[in-house]
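Thanks for coming. I will go through one structure today, strand by strand and then contact by contact.

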Amino acid sequence: MKRAERFPQGMHLYRQGALTLIEVNNDFARLVMTTHGASVLSFAPRLDTGELQPDLLWVSERAHYSGEKPVRGGIPICWPWFGVSAEPGLPAHGFVRNMTWQLVSSDSDEQGRTRLTFRIHDTPQSRALWPWHFELSLEVLVGAELTLTLTSRNLDTKPFVITEAMHSYFSVSDANEVFVTGLGDSVCHDKLTDLPPYRAEDVLSIVPPLDRVYLNQPGQVQLHDPGKKRNIEIEKTGATATVVWNPGAELIGGFDDMDNQAWSKMLCVEAGNVLDQSIVVAPQASHAFRLHLRAKPLA
């Protein structure tokens with residue numbers, strides 16, 4: 001990893017297994033992420049007293065830190081495709097979540113928030129999977145709220161087409177007791193049934209297993225968790241889809257990095273550009289996609 005020349009106060013690096021982890025502690029929050037995939041693993045805002053609130057994110061107790069596969073949980077980046085590749089044999093959700101990103105800058109803004117910037121470029125190995133020259137950057141802004149900005153730049157001579165997502169795993173009190181709002185009037189593709197796409201209702205009660213893609217959904221959604229007495233607001237720009245996923249007891253046995261009971265404590269609510277709502281990036285042009293997370297306590 002290329003070290004930033006100077007770290008802001010409250011930031012340090014450490015190792016877990018084969019991975020480099022970065023911890024940020026400022027007046028607003030505590031964040032942990034890894035250079036492996038530039039994946040955020042923890043984000044806990046502070047109360048006015050300085051006490052940390054419960055983590056917004058979930059990471060599996062059986063997650064791998066070997067560098068051979070992505071860490072299960074947090075906010076992995078899916079790029080340049082989301083889901084199963086159209087070409088057999090290629091990794092699901094793209095390849096950048098399993099690459100080592102460079103931390104190219106770290107500083108504090110005028111409000112005291114910590115800003116980190118990570119970057120990767122194409123390599124011979126990436127071009128064997130996806131034959132394009134690119135630069136991908138992730139800006140992480142750590143305040144009382146968390147903002148992630150993913151910028152795709154086309155360094156090639158021809159346009160390329162991407163799908164993408166930030167695959168957020170949220171920590172919940174009980175997956176059967178939470179619900180998601182803000183999905184109304186989007187088009188739902190239920191990947192676990194043979195139902196044709198249909199117009200979604202605003203409120204989704206979680207009944208795992210669940211794997212649904214909501215297209216034409218550019219607005220904010222909220223994850224309501226009465227057990228944790230909070231709502232998580234999930235806002236996006238430059239993206240038009242939300243994915244809601246939980247494997248439930250029926251499907252979780254297929255994952256070697258998740259305990260069989262782990263499904264009840266997590267819910268993925270993912271923002272992105274997926275399925276047929278792909279993004280075309282012209283040569284020497286760029287596309288920015290931003291995810292903004294905030295926790296609101298229930299009255």
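**Strands, pairs and contacts**

L103 stands opposite F118 in β7. Helices (H or I, at least four residues) and strands (E, at least two) are DSSP runs, numbered from the N terminus.

Before going further, a word on where this comes from. This is a predicted model, in which local features need pLDDT of at least 70 and side-chain atom pairs count only at pLDDT 80 or more, while totals for chains, interfaces and linings use all residues. Residues are numbered from 1 along each chain as its sequence is written, and side-chain values use heavy atoms, with hydrogens and water left out.

Back to β6 and β7. Their hairpin has 5 residues between the strands, and G112 takes a positive phi near 90° there. The side chains of R115 and D107 meet in a salt bridge at 3.2 Å, N to O. A salt bridge here is a side-chain nitrogen of Lys or Arg within 4 Å of a carboxyl oxygen of Asp or Glu. R115 is partly exposed at 26% relative accessibility, and D107 is partly exposed too, at 31%. For those words the cut-offs are under 20% relative accessible area for buried, over 50% for exposed, and partly exposed in between (1.4 Å probe, protein chains only).

Next, the start of the chain. In what order do the strands of the open sheet of 4 strands come? The order is β1-β2-β3-β4, with antiparallel pairing. β1 (11-16) and β4 (39-45) are at the edges with a single partner strand each, so one side of each has no neighbour in the sheet. On average, neighbouring strands of this sheet are turned by 20° against each other, direction ignored. The axes behind that angle are lines fitted to C-alpha atoms, for helices over the stretch in contact, and angles run from 0 to 180 degrees between N-to-C directions.

Within that sheet, 6 bridges join β1 to β2, which run antiparallel, and M11 stands opposite V24 in β2. T20 is also found in strand β2 (residues 19-25). The side chain of T20 makes a polar contact with the side chain of R15 at 2.6 Å. A polar contact is a pair of N or O atoms within 3.5 Å; within protein, one must be able to donate a hydrogen and the other to accept it, and residues adjacent in sequence count only if both atoms are side-chain atoms. T20 counts as buried, at 15% relative accessibility. A salt bridge joins the side chains of R30 and E23, at 2.8 Å, N to O. R30 is partly exposed at 24%, whereas E23 counts as buried at 11%.

Now strand β23 (residues 286-297). Strand β9 (residues 146-154) pairs with β23 in the antiparallel sense over 8 bridges, and R153 stands opposite S286. Strand β19 (residues 230-237) also pairs with β23 in the antiparallel sense, over 8 bridges, with R230 opposite P297. The side chains of R294 and E235 meet in a salt bridge at 3.4 Å, N to O. R294 lies in β23 and E235 in β19, so the pair ties together parts that are 59 residues apart in sequence. By the rule I gave, the count comes to 11 salt bridges.

On to aromatics. Rings of Phe, Tyr and Trp (its six-membered ring) pair if their centres lie within 6.5 Å; planes under 30 degrees apart count as stacked, over 60 as edge-to-face and the rest as tilted. That gives 13 aromatic pairs. One of them, W81 with F95, is edge-to-face, 5.9 Å centre to centre with 75° between the planes. Both residues count as buried, W81 at 10% and F95 at 6%. W81 and F95 also belong to one aromatic cluster with W79, W130, W132, F134 and F160.

Last, the cysteines. How many disulfides are there? The count is 0, where a disulfide is a pair of cysteine sulfur atoms within 2.5 Å. For C78, the nearest cysteine sulfur is that of C268, 9.4 Å away, which is too far for a bond. C78 is buried at 0% relative accessible area, and C268 is buried at 0%.

Conventions. Two strands pair if DSSP finds at least two bridges between them.
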